[in-house]
Amino acid sequence: MNQISRTLGISLLLFTATHGIASAQDEEETQRAWSNVADLSLVATAGNSEVMSWALSDKFTYNWTNQQLTLEAQGLRTSTTVRNLTNDAGTVQVDEVSETTAEQYFVGGRFRQRIYLRLFAYTNASWFRNELAGVQNRAQAALGLGYTFFESEKSFLTGELGGSWTDEEQITTLSNNWVGAQAIFDFMYKLTETASFDWDLAILPNLEDSEDLRVNTVAGLTSAISSVFALKVSYTLLFDNKPVQVVVPGATPADDALFTFDKYDHRLAASLVMNL
């Protein structure tokens, strides 16, 4: 919670610096526009095997004349129940053990202030957890400049470049913080009247450790089935060039061994999207 509080505090300072306090807005703000996009995927099996898997995300956007506020939340969890069979004097004993095989959470906010034509300033703050990758808490705040390369009813491409501060707590109780950079790209192309392709890319180097590089990318194909609902297929790739390492204790301290988590996390998902 301390990490989240610090991140929100930094975000508030950055928000104030770039926004200049929004109370001075004029009558044009009566035409503010907002949108909300939520998607849900759910898989449940029962009987001889039991698996419960869900993924939920929500993205809220509020637009002023020259500003934009975006709030996002994502959650993913998969639990599996396994049967263990034992023979107790001719009687079969069944023990069911449930374990979490995937779990990941993200909460973030972003604010943009247009400076001139297609140039804008931005600030963002986020919190991330992926215990199965060794990350207990990762809080980040950033500030930088962005540019809209092109924007039309059919497509758009924006890019952002800035500096960041990250505070990470691992499942080993080790913690670390560092100054980093970020390059973020957001692309959308409308394939037909009812289908579109979107792609997000974030490159996140650690300026204090050249080996510590993270790259997050999400690509999705969305097809509308009504004015409100759509079906979406997406692929997510999370890359960490310097993943978390943990010590696995042995029978004696001399037998302790080091385990390194995978550099890659993949997710392919099909979900129902609701646009408001």
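1. Surface. In this predicted model, the protein exposes about 16500 Å², and carbon and sulfur atoms supply 59% of that area. Of the 276 residues of the protein, 35% count as buried.

2. Overall make-up. The secondary structure of the protein consists of one helix and 14 strands. When contacts with a separation of 6 or more are considered, 51% of them in the protein are between residues 24 or more positions apart.

3. The barrel. Twelve strands form a closed barrel with antiparallel pairing, and their order is β1-β2-β3-β4-β5-β6-β7-β8-β9-β10-β11-β14. From one strand to the next, the twist averages 20°. As background for a student, strands of a sheet pair through backbone hydrogen bonds, either parallel or antiparallel.

4. The β2-β3 hairpin. Strand β2, residues 50-63, pairs with β3 in the antiparallel sense, and this pairing extends over 14 bridges. Within it, N63 stands opposite Q68 in β3. The two strands, β2 and β3, form a hairpin that has three residues between them.

5. The β3-β4 hairpin. Strands β3 and β4 run antiparallel and are joined by 22 bridges; one place to look at is V82, whose bridge partner in β4 is V97. Between β3 and β4, which also form a hairpin, there are two residues, and A89 in the turn has a positive phi of about 55°.

6. R83 forms a salt bridge with E96, and the closest N and O atoms of the pair are 3.8 Å apart. Because R83 lies in strand β3 (residues 67-88) and E96 in strand β4 (residues 91-116), the pair ties together parts that are 13 residues apart in sequence. Does this pair sit in a buried or an exposed setting, or what lies in between? R83 has 42% relative accessibility and counts as partly exposed, and E96, at 46% relative accessibility, counts as partly exposed too.

7. The side chains of D240 and R138 meet in a salt bridge, with 3.9 Å from N to O. This pair links distant parts of the chain, given that D240 is in strand β11 (residues 229-240) and R138 is in strand β6 (residues 135-151), 102 residues apart. The relative accessibility of D240 is 15%, so D240 counts as buried, and R138 is buried as well, with a relative accessible area of 11%. The cut-off needed for this reading is that buried means under 20% relative accessible area.

8. D209 and K242 form a salt bridge in which the closest N and O atoms are 2.4 Å apart. D209 lies in strand β10 (residues 209-224), whereas K242 lies in the loop between β11 and β12 (245-248), so the pair ties together parts that are 33 residues apart in sequence. K242 counts as partly exposed, at 41% relative accessibility.

9. The salt bridges as a set. The count of salt bridges comes to nine. Apart from the pairs described above, a reader can also look for R110, R112 and E160, which are linked in a network of salt bridges.

10. Strands β9 and β10. Strand β9, residues 195-206, runs antiparallel to β10, and twelve bridges join them. As a landmark in this pairing, W199 stands opposite A219 in β10.

11. The nonpolar core. Which residues make up the largest nonpolar core? This core has six residues in all, namely F128, V135, L238, V244, V246 and F261. By way of background, in soluble globular proteins, nonpolar side chains tend to be buried together.

12. A backbone detail to check. L117 has a phi near 50°, which is a positive value in a residue other than glycine. L117 is placed in the loop between β4 and β5 (119-130), and at 59% relative accessibility L117 counts as exposed.

How values were computed. Residues numbered from 1 in each chain as written. Predicted model: local features only at pLDDT ≥ 70, side-chain atom pairs only at ≥ 80, totals over all residues. Heavy atoms only, no water. Helix = DSSP H or I, 4+ residues; strand = E, 2+ residues; numbered from the N terminus. Buried < 20%, exposed > 50% of the residue type's maximum accessible area, 1.4 Å probe, protein only. Contact = heavy atoms within 4.5 Å. Areas by Shrake-Rupley, 256 points an atom, 1.4 Å probe, with all protein chains shown as cover. Salt bridge = Lys/Arg side-chain N within 4 Å of Asp/Glu carboxyl O. Pairing = 2+ DSSP bridges. Axes fitted to C-alpha atoms, helices over the stretch in contact; angles between N-to-C directions. Core = buried A, V, L, I, M, F, W, Y, C linked by side-chain atoms within 4.5 Å.
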